[in-house]
Amino acid sequence: MTGHDWRTDVLDLAGVTDKEAFMDRCASGLRLPEYFGRNWDALDECLGDPSWWPEQDAAGWRVSVRGWQEYAARHPHDWTIAEQIFADAMSGSGEGTPPVEIVLE
């Protein structure tokens, strides 16, 4: 991987019906570190701090979120939290932090 490549992941939420499954899917789909605590604060920290990335020279991180509509309909409060975490990650946490793009498909 060169410094111009972006880390890319797909977060497929199809069939996810509860928060536990949502966090499990985030852990696997986003290739989060082993220490990921499977809660909202941990998700916010992992998306906002790229220091754990194996691809340290990545220019940024692109995440495509698929199949999210069912989860959002069943758990609107949790989905609002997830959307805020996604927005915070895309706004960046400071200078020198690679950009994050999260697209809801």
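Student: Which residue just after H1 takes a positive phi?

Tutor: Just after H1, Arg-31 has a positive phi of about 50 degrees. Helices (H or I, at least four residues) and strands (E, at least two) are DSSP runs, numbered from the N terminus. This is a predicted model, in which local features need pLDDT of at least 70 and side-chain atom pairs count only at pLDDT 80 or more, while totals for chains, interfaces and linings use all residues. Residues are numbered from 1 along each chain as its sequence is written, and side-chain values use heavy atoms, with hydrogens and water left out.

Student: Which residues of helix H1 are buried?

Tutor: Buried means under 20% relative accessible area, exposed over 50%, and partly exposed in between (1.4 Å probe, protein chains only). In helix H1, residues 19-29, the buried positions are Phe-22, Met-23, Cys-26, Ala-27 and Gly-29. These buried residues pack against strand E1 (6-12) and against helices H2 (40-48), H3 (69-74) and H4 (76-91); contact here means heavy atoms within 4.5 Å.

Student: In which sense do E1 and E2 pair?

Tutor: Two strands pair if DSSP finds at least two bridges between them. E1 and E2 pair in the parallel sense over 7 bridges, and Arg-7 has Trp-61 in E2 as its bridge partner. E2 (residues 60-66) also pairs with strand E3 (residues 100-104), in the parallel sense over 5 bridges; there, Arg-62 has Glu-101 as its partner. Of the 7 residues in E2, 5 are buried.

Student: How many aromatic pairs does the structure hold?

Tutor: A pair of aromatic rings is described by the distance of the centres and the angle of the planes. Rings of Phe, Tyr and Trp (its six-membered ring) pair if their centres lie within 6.5 Å; planes under 30 degrees apart count as stacked, over 60 as edge-to-face and the rest as tilted. The structure holds 7 such pairs. Trp-52 and Trp-61 have ring centres 5.8 Å apart and planes at 80 degrees, so they are edge-to-face. Trp-53 and Trp-61 are edge-to-face as well, with centres 5.4 Å apart and planes at 75 degrees. Elsewhere, Phe-22, Trp-40, Trp-68, Tyr-71, Trp-79 and Phe-86 form one aromatic cluster.

Student: Which residues are linked with Arg-31 in a network of salt bridges?

Tutor: A salt bridge is a side-chain nitrogen of Lys or Arg within 4 Å of a carboxyl oxygen of Asp or Glu. The whole structure contains 6 salt bridges. Arg-7 and Asp-9 are linked with Arg-31 in a network.

Student: Where do Asp-24 and Arg-38 lie in the chain?

Tutor: Asp-24 forms a salt bridge with Arg-38, with the closest N and O atoms 2.7 Å apart. Asp-24 is in helix H1 and Arg-38 in the loop between H1 and H2, 14 residues apart. Asp-24 is partly exposed at 33% relative accessible area, and Arg-38 is partly exposed at 40%.
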